[in-house]
Amino acid sequence: MIGVLRFLAQLALYVPLMVILGYFSSAPRFAHLPQDRALMRVSFSHAGERLRECHQRTPEELAKLPPNMRSQLDCPRERSPLKVEVELDGRLLLSLDVPPSGLHHDGAATVYRRIELPTGRHEIAVRMRDRPHGDFNHRATTTLDLPPGGSVLIDFDNARGGFRFRS
Amino acid sequence: MLKLVHRAGRWAFLRVESFFNLAFGDRLNPLYYLGPISYFLFWIVLGSGLYLYIFFDTGVEEAYASVEQLTHGQWYFGGILRSLHRYASDGMVLTMLLHLARHFVFDRYRAFRWFSWVSGVVLLWLIYSAGINGYMLPWDRLAQFVVIATAEWFDWIPVFGGTLVRNFIFPENVNDRLFSLLSFIHIGIPLAALALLMVHTQRVPQARTSPPWPIAATLSAALVVLSLLKPALSQAPADLASAVTVIDFDWFYLPVYALLYRWSPGEVWALVGGATALFLLAPWLPPKRRRVSKEGFHLLVRPDNHIISVREGESILDAGLREGIAFPFECRNGGCGKCKATLTYGEIDPGNYQKDALSEAERAAGKLLLCCATALSDIEVEYEPTEPLGGRPIRTYNARVTRMNRLAPDVMQVFLALGPGEQLDYYAGQYINVLLPNGEHRSFSFATAPHVQGEIELQIRLVPGGKFTPWVFDHMQVGDTIRFEAPLGSFFLREDSDKPIIFVAGSTGFAPVKSMVEHALHIGLKRNMLLYWGVRRPQDLYLGELPRQWEREHANFKFIPVMSDPAPEDHWTGRIGLVHEAILADFPDLAGHQIYACGSVDMVAAAHPAFLARGLAQEDCFSDTFLLPAHKPGGAAEIMKPGGGR
Ligand code: HEM
Ligand code: FES
């Protein structure tokens, strides 16, 4: 009798434990992106132009340098920060100044942004300036129909002609 | 504040545990085995993981399909193992967190326990990393979420700065190599965790690393049932072209990942980093326990007659197990009462335990639970050994006195013979308790070596005014019957060592030494043996010719008699003084020796600390007569001296 009671009592304790394990291992569901939203990601890595141009050293300048460093051309390594803007349906959504990486600011600048969007038809414009002066020198626009859970990825690859929209 | 949390936590644990005791009984309560259960679940995870790995394809295209095939094509085995792998991992998180919480609220994480605690915190990280990493492998929507979330989280760190996530959102970057790396990590982290687990329990004396089998069996069965009723399944396959929206979520491993999209990555880092730092430092943070003694205390264990040290906050059980005392125990958590013992001297903190395990009345009568109590002063504890030494049963014998010789005015040599067909196995150095009609007992060492069967020799010294020895000298006759209990004590010659031996005998402390030396010579022990026998005057060396004969016949035996009080007419030219001082004079350094001290309480009490101060290791110092320095009763002389000397 005691044995049976014990068995039942143990069952009564193991069952909830297993229910807890079974339930919380997969529920409640997590809404990473609400059902009625779409996602835009801006992700690229790009090395801007040099901040200053190379210049030919004069003989006087050369004489001041140690002999092992006397190269004709003086090229400052520092790169220009990137200025990036994204417009959604004509409204400015994102405006970033991205500094170059590296101790000497001579590396590529990396952008990553994750932005939730309403679903539906959108006009997206992206532009970038990767030099110290002047107007935006890279631009692209597209019109997209984003379904719920749809995704658009804005990438930049100079070798492949600049901005790309991938969805 | 934290004290309040501790107190409330203890109250809750004890309540729930007592409730569980109703169902499981106090010996098989899973709550007493949270660490061992976590360990056991870890083995299930490793075992099932190994099988899954055989069928897992580490390619982007193949991963999802291979897991699906295993889950559905092989549901009866591979599928169950997959579910076990998941549920055992989840269960491990649960039991691990409870285990952590219990050690925390019972304040068992400070002082010397910092080692287990800190390695535990690292384990916590490893277990979480392994689990989260595991969810990347089936390459379903959850995997997609987990890899991207991980990258987004780590990209907050300036060195990554947004580059990491690019490996996971561009389909051309998610290649087979990346997959091989992820699954390689999924083997590496658990193996590291396993190695750390061994370290984690390494300093816990006789740590249980597996639960009692009934718990293991029921738990496994329950997990299998759960696996059959609710198999672990993949979600839709990963698709980098579309965003992850609403997914099934493992709340044991991933809550931090949910937070990542409520807070910023930086805030989540602050939380996780701050919590880790706080946990790592917890053993040194307030509230500090009232510091009773930095060095800890001495613990005298009876009937072993062993003195060991107890550290601050250490349970008496742990201290004993650490030094090889065979304390009985089961749950180690104040539930079963198996570790009940008697406090015969000193002050303790009884700790927290179930009232069923130790009642108020028992507590008032000086009982304690070894697994819960901690020392507040030097203490003396007596327990009932469940296992006799070497499995040699203790029983009562009736023996006949066959011969008696008066070796000296105050020393009687008595030979006893057991009944026909009776045999008594013992270790050289053990003793018997002669049972007196009034229920008291007197202890005497065997003076014969165990291989000498047939006759048991005792050397009994007269204690004037005593209840037994005057009777031996004045009234006992050959043919009388003596009742005694044997074999007793854990004082015996340790044969598992190569160290040279020093025997110290005071007066009739020679009896156990005789037993041990004769045994050593009989088995051809090659270690060097040196006997210092201390008596008052030369005529007190009641069997003095015997050690001289051993010395002549055995190159590895030397005998040095020491007189404490020779008279001029003795013309003594040998050593003079207290016997232990003679040893101290001869050995500036005692490290690397074993000392067996047999003699009066006073002699051992003086010699023991002096030997330790000369570098003798605590575990190399043996005696049949130990008393705490602080606690020397005047009267009980006749009871305390199994060696026969006083
Ligand atoms: C998979 C994870 C873990 C396993 C399998 C595990 C296992 C064990 C085992 C078997 C013991 C010895 C017996 C016992 O007290 O239960 C132990 C002791 C201990 N563990 Fe863990 N543990 C884990 C994680 C942790 C964590 C996360 C912490 C805390 C941060 C922790 C803190 C401790 C402490 C303080 C002790 C006691 C040491 C002592 O009493 O001297 N453990 N653990
Ligand atoms: S071992 Fe169970 S109460 Fe101490």
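Why does the largest cavity lie between domain 1 (2–284) and domain 2 (297–371) of chain B? Both domains give residues to its lining, so the cavity lies between them. The structure is a predicted model, in which local features need pLDDT of at least 70 and side-chain atom pairs count only at pLDDT 80 or more, whereas totals for chains, interfaces and linings use all residues. Residues are numbered from 1 along each chain as its sequence is written, chains are lettered from A and ligands numbered from 1 in the order in which they are written, and side-chain values use heavy atoms, with hydrogens and water left out.

**View 1. Domains of chain B.** Chain B is divided into domain 1 (2–284), domain 2 (297–371), domain 3 (389–488) and domain 4 (501–635); the bounds come from an automatic or database domain assignment. Taken over C-alpha atoms, the centres of domain 2 and domain 4 of chain B are separated by 33 Å.

View 2. A cavity is a set of points, on a 1 Å grid over the protein atoms alone, where a 1.4 Å probe fits but cannot get out, and lining residues have an atom within 4 Å of a point. Grid points are joined across faces, edges and corners, and a volume is the space filled by probe spheres set on the points. The count comes to 5 cavities of 30 Å³ or more, and the largest cavity has a volume of about 990 Å³. Its lining comprises 43 residues, of which G35(B), H99(B), H103(B), H200(B) and V204(B) are the closest to its centre. Helix 2, helix 4, helix 5, helix 8 and helix 12 (316–322) of chain B give two or more residues each to this lining, and helix 5 of chain B gives the most, with 8 residues. Helices (H or I, at least four residues) and strands (E, at least two) are DSSP runs, numbered from the N terminus. By class, the lining has 25 nonpolar, 10 polar and 8 charged residues. Ala, Val, Leu, Ile, Met, Phe, Trp, Tyr, Cys and Pro count as nonpolar, Asp, Glu, Lys and Arg as charged, and the others, Gly among them, as polar.

**View 3. The shell around ligand 1.** The space taken by ligand 1 is the largest cavity; a molecule sits in a cavity if more than half of its atoms lie within 2 Å of its grid points. Of the 23 residues around ligand 1, those that come nearest are H99(B), H103(B), R113(B), G120(B) and H200(B); a residue is near a molecule if one of its heavy atoms lies within 4 Å of it. Helix 5 (114–134) of chain B is one of the helices that supply at least two shell residues, and its share, 7 residues, is the largest. The shell has 12 nonpolar, 8 polar and 3 charged residues.

**View 4. Polar contacts of ligand 1.** Polar contacts are pairs of N or O atoms within 3.5 Å. An oxygen atom of ligand 1 lies 3.0 Å from a polar side-chain atom of H103(B). For R113(B), a side-chain N or O atom is 3.1 Å from an oxygen atom of the ligand. H200(B) places a polar side-chain atom 2.7 Å from a nitrogen atom of ligand 1.

**View 5. Backbone of D107(B).** Although D107(B) is not a glycine, its phi is positive, at about 55°. D107(B) lies in the loop between helix 4 and helix 5 of chain B.

Note on methods:
A polar contact is a pair of N or O atoms within 3.5 Å; within protein, one must be able to donate a hydrogen and the other to accept it, and residues adjacent in sequence count only if both atoms are side-chain atoms. On a 1 Å grid over the protein atoms alone, a cavity is a set of points where a 1.4 Å probe fits but cannot get out, and a pocket is an open set with protein on both sides within 12 Å along at least five of seven lines; lining residues have an atom within 4 Å of a point.
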